[in-house]
Amino acid sequence: SGVLDAWGQGAALPPVPGEWITPRASSPAPAVASADPAPAPAAPIAPVASEPGIRLNLNDDTELLREFHSESLELLQAIEQGVLRLEENPAEPGTIDAIFRAFHTFKGGAGFLHLDALRDLAHHLESLLDAARRSQLRITSEIINLILAGADTLKRFTHEIGVQLGGVNAGAPISIPTRDLIQRVDAALHRTPA
């Protein structure tokens, strides 16, 4: 309590009681003193970032999650059909708009339900299509592959949501890799406009 009182008042902290100090094994002093400065401490190793996941609030949001799941299946189908049309005519503005709107709707529903990993992925994909809508990005086979990879990842999340709504692994975290895909989308967005 003395330490807390001193700390709270900004006073010097009392010394640590001797019985609390564990003697360390002593190491012999170096025979020759070195003129070199002590090496800098090693930089801490950054932990590997884990993939973001989602956890469904099945107690409060079951009906909303069912609606989201059903709508997501429709949106994914619309994205796949749009990609088929894009492969035929990559510059078709109506198709680009339709795919953009699908990702935008996906983002909104996921955000409303606090499904952040889905929301973030859909947001990046929406940005990709928005750049194409504004003629800042040309639809190429690379961009089509990114759209398909994004749709596939969203489909995997949607499948897992359906499984949990069906009672299997209910409430377990759902983690599907998205970081690499988001980085690839961002890289495509930050290249020189075509």
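Student: Phe68 and Phe106, buried or exposed?
Tutor: Both Phe68 and Phe106 are buried; buried is under 20% relative accessible area, exposed over 50%, partly exposed in between, with a 1.4 Å probe and protein chains only. Keep in mind that this is a predicted model: local features need pLDDT of at least 70, side-chain atom pairs count only at pLDDT 80 or more, and totals for chains, interfaces and linings use all residues. Residues are numbered from 1 along each chain as its sequence is written, and side-chain values use heavy atoms, with hydrogens and water left out.
Student: How many aromatic pairs are there?
Tutor: The structure holds one. Phe68 and Phe106 form it, edge-to-face, at 5.7 Å centre to centre and 90° between the planes. Phe68 sits in helix α2 and Phe106 in helix α3, 38 residues apart, so the pair links distant parts of the chain. For the cut-offs: rings of Phe, Tyr and Trp (its six-membered ring) pair if their centres lie within 6.5 Å; planes under 30 degrees apart are stacked, over 60 edge-to-face, the rest tilted. Helices are DSSP runs of H or I with at least four residues, strands are E runs of at least two, and both are numbered from the N terminus.
Student: Which charge lies over the face of Phe100?
Tutor: Arg133, at 3.9 Å from the ring centre. The test is NZ of Lys or CZ of Arg within 6 Å of the ring centre and within 35 degrees of the ring normal.
Student: New topic. How many residues has the largest nonpolar core?
Tutor: It has 45 residues, and Ile161 is among those with the most contacts inside it. Such a core is a set of buried Ala, Val, Leu, Ile, Met, Phe, Trp, Tyr and Cys residues joined through side-chain atoms within 4.5 Å.
Student: What does Ile161 touch?
Tutor: Leaving out residues up to four places away in sequence, its partners include Ile54, Phe68, Leu115 and Ile174. Contact means heavy atoms within 4.5 Å.
Student: And what covers the buried residues of α4?
Tutor: The cover includes β1 (53–54), α2, α3, α5 and α6. Among the buried residues of α4 are Leu118, His124, Glu126 and Leu128.
Student: Which residue takes a positive phi just after α4?
Tutor: Ser135, at about 60°. Ser135 is in the loop between α4 (116–133) and α5 (141–165). Ser135 counts as exposed because its relative accessibility is 60%.
Student: What about phi of Asn169?
Tutor: Also positive, near 55°. Asn169 is in the loop between α5 and β2 (174–175).
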